[in-house]
Amino acid sequence: MTMTPTAPPRGRSSSRPAPDVTTGRPVVPSSGRLAPLGLAEVRITDGFWARRQETNRTATLAHIEHWLDREGWLANFDAAAQGGLPASRRGREFSDSEIYKLLEAMSWELGRSPDAELEARFHAIVRRVANAQEPDGYLSTMFGRPGQGARYSDLEWGHELYCQGHLMQAAVARARTGHADDLLVQVARRSADHVCETFGPDGNQGVCGHAEIEVALVELGRALDEPRYVRQAALFVERRGHGTLADIEWGRSYYQDDVPVRDATVFRGHAVRANYLAAGAVDVGVEQHDDDLLVAVARQWERTTAARTYITGGQGSHHQDEAFGEDFVLPPDRAYSETCASIGSVMVAWRLLLAEGEPRYADAIERALFNVVATSPAPDGHAFYYANTLHQRVPGETASPDVASRRAESSLRAPWFEVSCCPPNVARTFASLAAYVATVDDGGVQVHQYATGEIRASLPSGAPVHLDVLTGYPVDGRVRVRIVEAPSDRWALTLRVPSWSPTAVLSVDGRERRVPAGSVAVPDLRSGSVVELELDMTPRFVQPDDRIDAIRGCVAVQRGPEVLCLESVDLPGGRDVADLRVDASVPPREEDGRVTVRGVVVDHPARDAWPYVPADDAGRTNGRAGTAGTPAVEIDVPLVRYHDWANRGPSTMRIWMPVR
């Protein structure tokens with residue numbers, strides 16, 4: 001059911017202590033229903049996400065650094081400092097941003113787990129970046145020098161503000177992990193001062209074609225206690241949507257410059273840009289106590305989630321412009337579903353969760369994390385999906401480990417791309433993931449995402465709360481929370497019951513009761529108490545809204561937070577996923593950790609046959625079960641978790657399966 005958002009109340013922050021810059025929180029709003037906990041307060045110690053964090057730390061960060069060096073994108077900063085541009089510059093106009101995202105990932109990782117060798121690599125890169133900064137704070141390897149385009153001469157495509165925004169977000173990570181005087185922070189401060197001077201009320205009235213500077217300025221302003229940066233972010237948000245940027249073949253909606261943010265009804269255009277802009281607008285709304293702006297973004301989020309988001313949480317059904325389609329235009333085989341778009345959607349949902357406290361935002365975060373963000377990297381952390389299709393019609397081609405892929409479309413994971421925004425975006429997300437697990441408010445602690453770990457926090461009153469979480473999630477749905485230390489005052493532990501679990505069993509010190517989806521608060525727990533939540537992990541068929549033409553007559557299977565898929569390697573006789581018809585009257589069955597569905601394999605006319613026949617010839621129209629004169633043979637076919645697809649080599653794959 002779609003809920004009508006209401007303006008979040010203000011004044012909830014009066015009892016909060018001043019934000020501690022060393023707590024490792026990516027987002028620190030000054031007010032809202034909930035206050036986030038950071039890397040110093042939440043640790044993921046085992047399980048699904050801990051393994052991915054470890055791979056990120058030990059493999060992916062070095063892999064990204066290697067490719068940035070190999071492709072010459074890091075060397076662009078050296079060339080800028082030495083006067084070697086533009087002749088020696090390599091990479092696209094936005095390649096600077098990938099270095100900044102790596103620095104952000106390194107910063108969060110060092111805050112999570114200090115490491116002298118990683119620290120040395122981090123500082124070496126920062127020095128190269130700092131050497132390229134102009135005296136007035138401007139920083140770009142693409143514009144502004146002899147032989148290059150003038151500064152801000154191509155706001156539509158130049159990405160100068162976008163890149164400086166990622167620089168600022170890297171500095172936020174460094175400041176919030178205990179290094180507020182670090183060289184990276186100094187560089188970002190000079191960049192932000194330059195942006196405010198150049199684009200202030202009496203300056204350049206333009207906006208960047210790729211939103212990012214908005215969210216970055218707000219968070220840097222919060223981290224450095226500089227309200228001027230927040231005001232500049234608000235200017236950028238208000239300028240958007242007035243035709244400031246040039247019209248293009250895809251229209252100004254591509255960069256959200258067609259309709260003012262306050263007047264828009266849905267996310268549209270380039271999916272990453274749309275999400276980054278929405279995240280920045282939420283931040284501006286919170287800091288300026290602008291409830292109308294918050295309600296506008298929440299309204300857009302609701303419709304986007306209801307009509308423009310894939311079952312995986314992926315967003316964007318257009319390949320040519322990496323954009324949202326119209327409502328219910330969600331073809332699985334044309335799903336672009338860029339990894340960065342889902343990371344952007346997590347950024348938006350997290351900010352709305354902090355502002356409003358509604359568990360549906362945490363549901364959306366979980367969906368995107370498990371089914372897009374976790375799908376992108378290979379198990380070894382050395383290859384990635386840029387786009388995340390829901391239906392692979394032709395087996396992919398194995399990517400060379402030594403060649404950057406020219407194509408973003410899904411085939412098999414590639415080690416690097418000519419446009420390689422997704423690998424470092426995944427890296428910074430995994431490194432900061434613990435900061436999206438839990439929150440506090442005046443009444444207690446809320447746990448939104450489930451992973452084995454520790455929560456060592458304080459309530460706004462200063463009272464300590466220490467929790468240990470033990471779970472096999474998402475393999476099983478049992479979440480056990482032991483209260484190590486509890487406040488003496490009244491408080492409550494609130495646990496999310498995901499929407500995919502119609503009911504759950506809550507046990508408090510052995511006393512059980514059933515609870516519905518949403519959230520459940522357990523008050524006045526004492527040290528030593530144990531709370532267990534048993535979620536319903538039964539695999540279930542999911543049906544699409546019948547307005548999604550591309551998958552009408554199909555079903556998908558979801559188990560817990562994970563969407564499952566069919567791969568051709570699991571069909572007999574080399575058959576293709578197009579040949580299976582599922583018997584939806586037989587529920588999915590789980591045995592020994594494998595989920596299977598019942599179905600039949602169908603035969604199809606010869607490939608050179610005309611594909612359109614009279615409707616009364618149903619056998620030829622829909623495929624015929626078995627060969628002529630033989631009965632259909634029912635088979636049980638195993639499914640795999642979508643985030644694991646293609647781990648066994650090239651295959652065809654589909655999430656939505658036609659019903660028999």
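This report describes a predicted model, looking at its nonpolar cores, at one helix and at one residue in a strand.

In general, nonpolar side chains in soluble globular proteins tend to be buried together. In this model the largest nonpolar core has 172 residues, and those with the most contacts inside it are I99, L103, W491, L493, L495 and L533. Helix α11, which runs over residues 339-356, gives the largest share of this core, namely 12 residues. Apart from it lies another core of 22 residues, including Y310, V640, A646 and I655.

Helix α4 covers residues 116-131, and because its 16 residues at 1.5 Å a residue should span 22 Å, the 23 Å between its end C-alpha atoms agrees with that expectation. Within α4, the residues L118, R121, F122, I125, V126, V129 and A130 are buried, and what covers the buried residues of this helix includes α1, α2, α3, α5 and α6. Two of these residues, I125 and V129, are also in contact with I99.

Strand β6 spans residues 452-458 and contains T452, which is buried because its relative accessible area of 10% falls under the 20% cut-off. Leaving aside its neighbours within four places in sequence, T452 is in contact with R43, I44, T45, D46, V469, L470 and T471.

| Side chain | Backbone atom reached | Distance |
|---|---|---|
| T452 | oxygen of T471 | 2.8 Å |
| D115 (oxygen), at the start of α4 | nitrogen of E117 | within 3.1 Å |

Terms used. Residues numbered from 1 in each chain as written. Predicted model: local features only at pLDDT ≥ 70, side-chain atom pairs only at ≥ 80, totals over all residues. Heavy atoms only, no water. Helix = DSSP H or I, 4+ residues; strand = E, 2+ residues; numbered from the N terminus. Buried < 20%, exposed > 50% of the residue type's maximum accessible area, 1.4 Å probe, protein only. Polar contact = N/O pair within 3.5 Å; in protein donor to acceptor, adjacent residues only side chain to side chain. Contact = heavy atoms within 4.5 Å. Core = buried A, V, L, I, M, F, W, Y, C linked by side-chain atoms within 4.5 Å. Expected span 1.5 Å × (residues − 1).
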